Amino acid sequence: MTHSTRSAAEASPVDAGSALQDSPDAAAIRQRFVLSGPVADYDPRVTPIRGDLADIALAGRFFAPHYVAPQLHRVKADGAMLRKAGNRDAEAVSQLLAGEGFALLDSAGEWGWGYGVHDGYCGYVLLDGLTRDDAEPTHVVHVRRALVFAEPSIKTPVVASLPMGARIAVQGVSECGRFFAVEGGWMSVRHALGLDALTCDPVDRALQLIGAPYLWGGRSGDALDCSGLVQLVLMLAGHAAPRDSDQQRDALGRALADPEPLQRGDLVFFPGHVGIMADADTLVHANAHWMQVVAEPLADVIARFPEDTPQPVLARKRIG
């Protein structure tokens, strides 16, 4: 519901997937929220509300028949796609990476509905991709793919691998100091960065991803889309970024005046697209034209837009 006149709904913090109960005990702890006027339009991509329920944090601002307290889950090592509907054939809208948090609001069958804790993006995810048992992540993979060895030695078997962006809980350091102990094995200390020390060069990380396949909704080192790439490399540099390119255009950085030349690290926004500058002339971007991450002249990207495109470059932004 986008607009509401004066309406009221009752709310209590309940487990995800359960409805409010009309019992004397529940009534004693329920709080009545009143909407006193029209509700402003909202972005459904990042506003956890459906026709039947909403996150309890929205009570008092949006009307819903039920309000639900989210249950925090973590994403398993394989990651999970976030979809528009609870159907394996539904369009992917984003991707949840290993170790990231997911706020579960409802579940039915094999599907859960909620939002990623890192960016608030809403959607449906297969429940078998989530867990409540994993430890709190301490580090994030900052290379394109990190190998996990059976023992703290590169000569032992590889038991797993994790893509750029995966979050892990480091359990200790090997005696030699060259490996982190992680779930299932050992990873090079050079391949994971503490979540409290995100200082990567975003352009350097984007260049590492050249050749990675283009995937609609993807945002890991394995495969990703344009805004997924930007969100990923900025996260590794310590900048929280929204998920989609229009959201990033509105939220990130300082708009450059027309005379200001582009420089390394600047973001360039197009209709439905975004990339990051490697230098004053070269754009790094994941795109469906090449179906992979490439670095190419910005002028070539602009030239591919139809001649009748009113404004190929919508904005140029610089991250502080």
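A residue counts as partly exposed when its relative accessible area lies between the cut-offs of 20% for buried and 50% for exposed. In this predicted model, Met291 has a relative accessible area of 46% and is therefore partly exposed. Met291 is placed in the loop between strand 23 (282–287) and strand 24 (292–297). Its phi is positive, near 60°, although the residue is not glycine. Most residues other than glycine have a negative phi.

The open sheet consists of 6 strands with antiparallel pairing, in the order 20-25-21-22-23-24. Strand 20 (254–255) and strand 24 each have a single partner strand, so one side of each edge strand lacks a neighbour in the sheet.

Strand 21 (residues 267–270) has Leu267 and Phe269 pointing one way and Val268 and Phe270 the other way, and all are buried.

| Strand pair | Bridges |
|---|---|
| Strand 21 and strand 22 (residues 273–277) | 4 bridges |
| Strand 21 and strand 25 (residues 315–318) | 3 bridges |

Val268 has Gly275 of strand 22 as its bridge partner, while Leu267 has Lys317 of strand 25. Strand 21 and strand 22 form a hairpin with 2 residues between the strands, where Gly272 takes a positive phi near 70°.

Methods. Residues are numbered from 1 along each chain as its sequence is written. This is a predicted model: local features need pLDDT of at least 70, side-chain atom pairs count only at pLDDT 80 or more; totals for chains, interfaces and linings use all residues. Side-chain values use heavy atoms; hydrogens and water are left out. Buried means under 20% relative accessible area, exposed over 50%, partly exposed in between (1.4 Å probe, protein chains only). Two strands pair if DSSP finds at least two bridges between them.
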